[in-house]
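Hi everyone, thanks for making time for this one. Let me put it on the screen, and then I'll walk you through it.

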Amino acid sequence: MARRLSRSKDGRPTPPVRMVHLGLGNFFRAHQAWYTDRAADADQWGIAAFAGRSMGIGAELQRQDNLYTLVSVGPQGNEYRVISSLAATHTGTDVAALSGYFTDPAVSVVTMTITEAGYVRNERGELDAGNPDVASDIDVIAAGNLNAVRTAPGKLVAGLVARRDAGAGPITLISCDNVPDNGAMLERVLRDMVSRAVPDLEQYLDDEVGFVTTMVDRITPRATDAIWQAVQDEQGVDDPAAIGTEPFSEWVLAGDLKGQVPDWASAGAVFVDDVVPHELRKLWLLNGAHSMLAYAATIKGHQTVSDAIADPIVRGWVDEWWDVAARQLPLDDAVIADYRAALLERFGNPRMRDQLSRIAADGSQKIPIRIVPALVADRKAGNSPLGAERAVAAWTLHLRGLGAPFNDARADKIADLGSGSLEDSVSKVCGFLEIDDRDSKASILALARQLQG
Ligand SMILES: NC(=O)c1ccc[n+]([C@@H]2O[C@H](COP(=O)([O-])OP(=O)(O)OC[C@H]3O[C@@H](n4cnc5c(N)ncnc54)[C@H](O)[C@@H]3O)[C@@H](O)[C@H]2O)c1
Ligand SMILES: O=P(O)(O)OC[C@@H](O)[C@@H](O)[C@H](O)[C@H](O)CO
């Protein structure tokens, strides 16, 4: 019978909590917790992580002293590491515990992986004040009932109010979600909430709160039984919290650090003045291609990234998209060529089994940032951005029930885009995505007809 992990036999002693993380999901365990675990000052930096509404994997983590196995899934075999940086786990509804950490001067950094939808923005990128949970958060924060908040922006603002009142010092907030300029995006939603709920916090935000923009990269599929079985067979450990990820990893950060953060640079993170070129390279070439695969390749019956990219027709679609992106990226041709070649290897790793259904979720918040900017710019430059238009055509068909199952946090707002004739759908989708060019609209319709066969 395989044993569970425990700090008496595995990993390192629990480090003191000095960092908080919102979104105890797969990616956090493969990325931010891994960098923190490998930092030169790892023994001084423990993370308190908050799950979603239910405890999720947190309950299993608590049974094994918050240790877990990270499995690096290479094309030839696995490598295993027990991660010790997680010091405490909580359910996302434990707002009192969250505020407790915010009032602790030892805690000086908050990271988050709460998905694109977790920031509760409207189509203009502002805090969606019409969302009932956001409206409720504004009311309860204004009334001083801080523990009644529900949304991630509400929890962060409530925590910052508590920190200011406790005089606990400066703090840095770092969004690690796949959104361009995620530091500014986070600052915008928090300031929107502050201006409505607690305007006297604005000065504190100016003086004491740092916002950092990051490009984060490490393809991390959903947890599978195969990973659990491999840890059991090869490590002799029964670890329900084990997570598999690819060997490659990248973390680029820029912005306003207030207070201390772990020595992530010693673990390979890179601090730069301008994260935008890195972000666009990753968001368009990697995530854009992922979205193409998620919508177009699933119509052809593929279920995983590696199966899809092995299909020469699909590979051609991805190349066509990369040609569009390459024309519009502010990067050297050689950098783009190297990155494309590396991506083909990463996507082709047959042992990853990354499900396209994972990538297909929440397209309404991904297509506008991963595909549309290059599409519009390329048309404006007089080119035919076929690769980008095919991705939009495939998403239109996805909205009409083809390919990967539909799952979108804004389902109520976008459900109608898939209804009516194909011509109607394309026209509504182009309206939603603000694609006005007549040639692009015609091309998207023609490509959608081709794709649906
Ligand atoms: N998995 C990857 O390969 C990867 C790589 C780079 C970046 N990311 C970023 O990390 C995010 C999470 O990916 P993951 O693989 O960890 O997913 P996951 O499903 O394992 O975890 C998502 C986490 O976000 C929380 N969450 C979901 N919806 C929320 C909401 N509306 N409000 C607050 N919290 C919410 C969940 O409770 C969970 O803790 C992605 O959306 C992406 O922006 C993921
Ligand atoms: O995580 P999402 O939902 O924003 O996007 C799905 C994938 O494109 C993404 O998770 C990639 O695997 C990741 O960004 C690689 O670093």
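Before I talk about domains, one definition: the domain bounds I use come from an automatic or database domain assignment. And please keep in mind that this is a predicted model.

With that said, the protein chain is split into domain 1, residues 17-274, and domain 2, residues 277-452. The C-alpha centres of domain 1 and domain 2 are 28 Å apart. How do the two meet? On one side, 18 residues of domain 1 make contact with 21 residues of domain 2. The domain 1 face of that contact has 10 nonpolar, three polar and five charged residues.

Now to ligand 2. Which residues are around ligand 2? They are Glu116, Asn178, Asp217, Arg218, Ile219, Leu286, Asn287, His290 and Ile359. Sorted by class, that shell has three nonpolar, three polar and three charged residues. Domain 1 and domain 2 each supply at least three residues to the shell. Helix 10, residues 276-299, gives the most, with three residues.

So let's stay with helix 10 for a moment. Helix 10 packs against helix 13, residues 333-348, at an angle of about 35 degrees, and their axes are 11 Å apart. For those of you who like handedness, the crossing of helix 10 and helix 13 is right-handed. From helix 10, Arg281, Leu285, Leu286 and Ala289 meet Tyr339, Arg340 and Leu343 of helix 13. By class, that helix contact has five nonpolar, no polar and two charged residues.

Conventions. Residues are numbered from 1 along each chain as its sequence is written. Chains are lettered from A and ligands numbered from 1 in the order in which they are written. This is a predicted model: local features need pLDDT of at least 70, side-chain atom pairs count only at pLDDT 80 or more; totals for chains, interfaces and linings use all residues. A residue is near a molecule or strand if its C-beta atom, placed from the backbone, lies within 6 Å of it. Helices (H or I, at least four residues) and strands (E, at least two) are DSSP runs, numbered from the N terminus. Ala, Val, Leu, Ile, Met, Phe, Trp, Tyr, Cys and Pro count as nonpolar, Asp, Glu, Lys and Arg as charged, and the others, Gly among them, as polar. Two residues are in contact if their C-beta atoms, placed from the backbone, lie within 7 Å. Axes are lines fitted to C-alpha atoms, for helices over the stretch in contact, and angles run from 0 to 180 degrees between N-to-C directions. A crossing is left-handed if the near helix is turned anticlockwise from the far one by less than a right angle, and right-handed if clockwise.
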